[in-house]
Amino acid sequence: MDEIARRGPSPFHASSRSLKEDILRHVQFTLGNDPHRPDRFSCFQGLAYSIRDRLIERWINTQRSLYDTLSKRVYFLSMEFLPGRFLKNYLISLDLLEETRRTLAEMGFDLDELEEEEWDAGLGNGGLGRLASCYLDSMACRNLPGYGYGIRYDFGIFHQVVENGYQLEQCDNWMRRGNPWEIQRRPMEAPIRFYGRSEGYTDARGKQRFRWVDGEIVIAVACDILIPGFGDDYVTNMRLWSARSSREFNLTHFNQGDYIGAIEAKVSGETISKVLYPNDEVSVGKELRLKQQYFFVAATLRDILRRYRKQSQSFADFPDFVAIQLNDTHPAIAIAELMRLLMDEERLAWDDAWGICERTFAYTNHTVMPEALETWPVDLMGHLLPRHLEIIYAINQRFLDSIRLRFPEEPDLPGRLSIIAEGSERRVRMAHLAIVGSHSINGVAELHSRILKEELFSDFDRVFPGRFKNVTNGVTPRRWLCQANPSLEKLITSVIGSEWICDLDRLTELVPYAEDAQFRETWRKTKLENKKRLSRYVLRKIGLGVNPDTLFDVQVKRIHEYKRQLLNVLHVITLLHRIKADPGAHTVPRTVLFAGKAAPAYHQAKRIIKLINAVADVVNTDPDMQGRLRVAFLPNYCVSQAEKIVPAADLSEQISTAGMEASGTGNMKMSLNGALTIGTLDGANIEIMEEVGTENIFIFGLTAAQVSVMRTQGYDPASHYESDAELRRVLDDIAGDRFCPGAPGLFRPVIDTLLHQGAYSDHYLVLADYRSYVSAQEAVSRLYTDSEEWTRRSILNTARMGKFSSDRSVMTYAENIWGVKPLV
């Protein structure tokens, strides 16, 4: 970073002016408004442009330094990013938070209120996108030369509203008032082809070549959003691609009165970047998803090659200057695209091009569920990307020929490893393509990586020994502690200094303070203030009052059967029964908070949301539950909502079926903020347990190995129903329509899934883990009555979370996979 600092300010240095002057200048000359009477939104925009000015200066200096030092660069390809709001993140990174707060106060505005003018960027959906954003933050913080690449969606996946307990999906028009943070790069346009045909020809040297011709062209337009480091001048960016039609307007159709036809081609082409994850239940949805994937990787690879040619004309050294990380299988078509570019446009021989690809690409797997591994129908691939299907066939043929030579005694092995899955409909296995075409494959938690090597991809692990690695996920402490929980950040910094912000292992210095009674009291007060803040938010959001003095029991994540929100609901009903049976008995007051979106076509998950809300209606209107039990479902879970929930959580619910969660990062965020975890031995829960200590976490349920044995040997969920009277009463309540008296049979499919689907009943072993889960919850209640001991364990959870920094994760990638070094 000395190189960046030596360059000094530009002649248009924004920092030479006062922040207030800059805000008012942008209000007047950028927005065209009266600077003497700016409203709150105008002030937010003026502030945003002023902050962006400061970031642009640093970004330009950073890029100059990267070119001067000929640094190898990382390109992180992800179908989604979930950055959340940018304003406070930028202010913290630039050390402008307090100056901005004072400046706005002088102008009659409050920073916290002003922040509410910014909508969460609709660029992602869940853990995959949030992890990608954490990694970009850490790459910038550690001065790693690299960029994120994805799609600039006009609309997010959807805005969730809850009406009568049901999830309804509305348009997430996050761009409706513009986005002051983005920088349009009109000169960075790239033509992207679809359809057409592959044409063979003989070149001037007599060699057989191919070219992709005809079809239709869509223009990819670059848009940058800047990503600053922390406490220095390093700034990188994520480059997002927006689709623009190559045919803007058909005047002939318009003049003939065909007004729809006049813009049809434009609308069709630009659909590519309209919505994140279009519904793929119909064929046009499937095609659009594949279009999106190819669109952004094709534009990205053209951008990578453009940047590479600035420093070299020979591709022999390409992997020494370029590392491409595939964040899940969505960008895996990049392997075929780079092969096409190198062979068809750069005229490289197959072996040379393939060697470059293998040394350039690395692939991160994010799922252990075979049904979640992406595949595409061969017919669709051939129709949309005909040249790429030819290349994939050729990759597969060469790979399988090598397998037959190496393993002649295993005739079934090529079929299991083939990139093309045979069957009634031949399909391209994108995970297989990513594995064959990458030099490194990693899981995202130790258990997950072991399952990949020993079960899911065990054949590939034999074929490519040493190719499979582990990089446990992490979260950025700048967003998830400094920004989300400033009162706890100040408390921690007051006793151990601020170095932990970029070196999370320093949190271990908190361990002795867990024995300090005065520090524990201050810690409790800090948690209570966060719970009060969340209580106000819940009241404002859904009109429900919750008591901040109760235990806040939190499960916030995507709604999916394997994440087992249903198990949590069964426990809530169990508590309801127990309190009703003995209203005078001592009960630890508890507020159970749910949040998360269900995929629009995932009907069972949406039914579970309805069940949660139906149970909440019964609980929250029962006088016997007052002061004892409260249940709330918060609609439209997003990063900014998580920033309010995570600091307030007492208990973190991480209760997925063992062996099914790749890692999880919500578990890390809540432990970092002092929540105790109740969870299975799944994903990163295992590593959290190892770090915080078994006495500081509530572990229950079957292990991944026991789950596998139970499924193999036969599992009878009815035996749990018959033998456990408390469980039976809970299920009978649901089946008997207690929670849906006006809609008989509404929740019958939930019960059928658990008990009445033969060999497929209770696939996620909810009933098998019920009793163990209830017992663990009883242990939670007992401990919570001892506030001093609970607080001690809360402090120890935070103090021992150093391993789970995304800074550690990206440095592991940098050293063991990418081969890049920080810019110094």
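**View 1. Tyrosine 135 is buried in this predicted model.** Its relative accessible area is 1%. Buried here means under 20%. Tyrosine 135 belongs to helix H7, residues 127–141.

**View 2. Tyrosine 135 pairs with tyrosine 813.** Tyrosine 813 sits in helix H34, residues 806–818, and tyrosine 135 in helix H7, so the contact ties together parts 678 residues apart in sequence. Tyrosine 813 is buried, with a relative accessible area of 1%.

**View 3. Phenylalanine 76 and tyrosine 135 form one of the 27 aromatic pairs in the model.** Centre to centre, the rings of phenylalanine 76 and tyrosine 135 are 6.1 Å apart. Their planes stand at 85 degrees, so this pair is edge-to-face; the cut-off for that class is over 60 degrees. Phenylalanine 76 comes from strand E1 (residues 73–77) and tyrosine 135 from helix H7, so the pair ties together parts 59 residues apart in sequence. Phenylalanine 76 counts as buried, at 1% relative accessibility.

**View 4. Five residues make up one aromatic cluster.** The members are Phe41, Phe44, Phe86, Tyr90 and Trp181.

**View 5. Arginine 307 lies over the face of tyrosine 147.** The distance from the ring centre is 4.5 Å.

**View 6. Arginine 398 lies over the face of tryptophan 350.** Here the distance from the ring centre is 4.1 Å.

Key. Residues numbered from 1 in each chain as written. Predicted model: local features only at pLDDT ≥ 70, side-chain atom pairs only at ≥ 80, totals over all residues. Heavy atoms only, no water. Phe/Tyr/Trp six-rings, centres within 6.5 Å; stacked < 30°, edge-to-face > 60°. Helix = DSSP H or I, 4+ residues; strand = E, 2+ residues; numbered from the N terminus. Buried < 20%, exposed > 50% of the residue type's maximum accessible area, 1.4 Å probe, protein only. Lys NZ or Arg CZ within 6 Å of the ring centre and 35° of its normal.
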